[in-house]
Amino acid sequence: MTEQFRAAPPTVADERALLQGFLDFHRGTLLWKLSGLTDEQLVQRAVEPASLSLIGLVRHLSEVEKYWFHRALADHDSPPKYWSREFPDGDFDHVDPAIVAEDLEDFRQIIKTSDALAANYSLDDTFLRPGQEPPHSVRYLYLHMIEEYSRHNGHADLLRQAIDGATGE
């Protein structure tokens with residue numbers, strides 16, 4: 001695996017640049033974990049009986065990005081694509097090697113939209129999650145997303161190692 005998908009976050013910068021840098025690093029780490037695998041390997045459920053797969057993680061994080069940045073922060077109409085009340089784990093359960101490229105392109109576009117939306121807010125701005133209290137700050141949102149990606153990148157590391165033995169930080 002190469003590190004072409006991720007850039008190291010800055011070591012000296014203002015708070016916003018540091019938060020964005022770490023979020024981008026973890027987004028890139030997820031893509032790095034997928035590099036060099038076939039579409040069939042990306043949908044492989046490598047740890048039975050879990051429905052986790054690498055592309056499932058991408059789809060899940062696409063939905064997380066849309067929920068937090070698009071719907072919660074910006075009140076943007078961005079309904080879930082992969083899950084529903086009927087299929088609450090559809091992001092993991094309904095993976096298909098025939099649409100892996102579409103899933104990856106969706107992920108990249110969702111990230112671009114997330115970044116564009118977040119750029120309109122200061123770290124101290126607050127928002128309410130749909131139907132939820134209390135308010136959250138944009139600073140909290142960045143920290144939560146870094147935590148979310150970090151956790152799922154740990155899952156991705158285990159899945160990747162089970163598929164082909166590749167490891168990396």
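Mentor: A salt bridge here is a side-chain nitrogen of Lys or Arg within 4 Å of a carboxyl oxygen of Asp or Glu. This is a predicted model, in which local features need pLDDT of at least 70 and side-chain atom pairs count only at pLDDT 80 or more, while totals for chains, interfaces and linings use all residues. Residues are numbered from 1 along each chain as its sequence is written, and side-chain values use heavy atoms, with hydrogens and water left out.

Trainee: Where do Lys-66 and Glu-63 lie?

Mentor: Both are in helix α3, three residues apart, or about one turn of the helix. Helices are DSSP runs (H or I, at least four residues), numbered from the N terminus.

Trainee: Are Lys-66 and Glu-63 buried or exposed?

Mentor: Both Lys-66 and Glu-63 are buried. Buried means under 20% relative accessible area, exposed over 50%, and partly exposed in between (1.4 Å probe, protein chains only).

Trainee: How many salt bridges are there by this rule?

Mentor: The general idea is that side chains of opposite charge can pair when their charged atoms come close. The count here comes to 13. One of them joins Asp-164 to Arg-160, with the closest N and O atoms 3.0 Å apart. These two are four residues apart in helix α6 (residues 138-164), about one helical turn. Arg-160 is buried at 4% relative accessible area, whereas Asp-164 is partly exposed at 39%. A network of salt bridges also links Asp-24, Arg-27, Glu-65 and Asp-115.

Trainee: How should I read a pocket, and which residues line the largest pocket?

Mentor: Rolling a probe the size of a water molecule over the atoms shows where empty space is left. On a 1 Å grid over the protein atoms alone, a pocket is an open set of points where a 1.4 Å probe fits, with protein on both sides within 12 Å along at least five of seven lines; lining residues have an atom within 4 Å of a point. The lining of the largest pocket is His-60, Glu-63, Val-64, Tyr-67, Trp-68, Arg-71, Trp-83 and Asp-91. Helix α3 (residues 54-73) gives the most to this lining, six residues.
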